[in-house]
Amino acid sequence: MKLNWDCFNDTLLAIEELTSPVYNGQNWIYNSIKCHDIVNKVKTKGYTPEDIINSVAKMKDAGFIIVSSINNEKVICHEVYDITYSGCAYIRDKINKPNIK
C-alpha cells in the first residue's frame, strides 16, 4: 500500500496530542491510546482508516512510536504508548519546519 505522507504527518501529530505520561498515585506511566481512537480522530480530516493504520505501521517500523500488539503477528497495532525521540525529531524537523533541509 502506498504511504499517504499527509496522513502520516497528521496521524503522528494526533498521537503526540493524545499521548502523555500520567501519575497513577505511585508511578508515572504512559497513558496509552487505542488505535481505533487514533483512527477516529484522524479520519475527521478525510483519511481512510486503511491509510491511518498504514501510517501507524510505518511509524512503528521507523521506530517513531512505541506500540503494543496483542499476541497475534497479524495485528498491526493495539495501543500506542508514546512517541520516541526519533518521532519527536521528525515532528520538529519535517512537520513544524518543512522548509529546513
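Student: At what angle do α1 and helix α3 (residues 49-62) pack, and how far apart are their axes?

Tutor: Start with the general idea: an axis is a line fitted to C-alpha atoms, for helices over the stretch in contact, and angles run from 0 to 180 degrees between N-to-C directions. The helices themselves are DSSP runs (H or I, at least four residues), as are strands (E, at least two), numbered from the N terminus. In this case, α1 and α3 pack at about 75 degrees, and their axes are 9 Å apart. One caution: this is a predicted model, where local features need pLDDT of at least 70 and side-chain atom pairs count only at pLDDT 80 or more, while totals for chains, interfaces and linings use all residues. Residues are numbered from 1 along each chain as its sequence is written, and side-chain values use heavy atoms, with hydrogens and water left out.

Student: What word describes how α1 and α3 lie to each other?

Tutor: The scale goes like this: under 35 degrees is roughly parallel, over 145 roughly antiparallel, 65 to 115 roughly perpendicular, and the rest oblique. α1 and α3 are therefore roughly perpendicular to each other. On the α1 side, the contact (heavy atoms within 4.5 Å) is made by Cys 7, Phe 8, Thr 11, Leu 12 and Ile 15, and on the α3 side by Asp 51, Ile 52, Ser 55, Val 56, Lys 58 and Met 59.

Student: And how do those residues divide by class?

Tutor: Ala, Val, Leu, Ile, Met, Phe, Trp, Tyr, Cys and Pro count as nonpolar, Asp, Glu, Lys and Arg as charged, and the others, Gly among them, as polar. The contact of α1 with α3 has seven nonpolar, two polar and two charged residues.

Student: Where do the axes of α1 and helix α2 (residues 35-42) stand, in distance and angle?

Tutor: They come within 10 Å and cross at roughly 120 degrees. That makes α1 oblique to α2. From α1, Asp 10, Thr 11, Ala 14, Ile 15, Glu 17 and Leu 18 make the contact, and from α2, Ile 38, Lys 41 and Val 42. Sorted by class, the residues of that contact are five nonpolar, one polar and three charged.

Student: Is the crossing of α1 and α2 left-handed or right-handed?

Tutor: Here's the rule: a crossing is left-handed if the near helix is turned anticlockwise from the far one by less than a right angle, and right-handed if clockwise. The α1 and α2 crossing is right-handed, whereas the one between α1 and α4 is left-handed.

Student: Which residues make the contact between α1 and α4?

Tutor: These two pack at about 125 degrees with their axes 11 Å apart, and are therefore oblique to each other. α1 brings Trp 5, Phe 8, Asn 9, Leu 12, Leu 13 and Glu 16, and α4 brings Gly 87, Tyr 90, Ile 91 and Ile 95. That gives seven nonpolar, two polar and one charged residues.

Student: How many aromatic pairs does the structure hold?

Tutor: Rings of Phe, Tyr and Trp (its six-membered ring) pair if their centres lie within 6.5 Å; planes under 30 degrees apart are stacked, over 60 edge-to-face, and the rest tilted. There are five such pairs here. Take Trp 5 and Phe 8: their ring centres are 5.2 Å apart and their planes at 55 degrees, so the pair is tilted. Both lie in helix α1 (residues 5-18), three residues apart, about one turn of the helix.

Student: Is Phe 8 buried or exposed?

Tutor: Buried means under 20% relative accessible area, exposed over 50%, and partly exposed in between (1.4 Å probe, protein chains only). Trp 5 is partly exposed at 49%, while Phe 8, at 3%, counts as buried. The rings of Phe 8 and Tyr 90 have centres 5.6 Å apart and planes at 80 degrees, so that pair is edge-to-face. It links distant parts of the chain, with Phe 8 in helix α1 and Tyr 90 in helix α4 (residues 85-95), 82 residues apart. Tyr 90 is buried, like Phe 8, and Trp 5, Phe 8, Phe 64 and Tyr 90 form one aromatic cluster.

Student: What pattern does the chain follow along the sequence?

Tutor: It reads α-β-β-β-α-α-β-β-α, with four helices and five strands. Of the 101 residues, 37% are buried.
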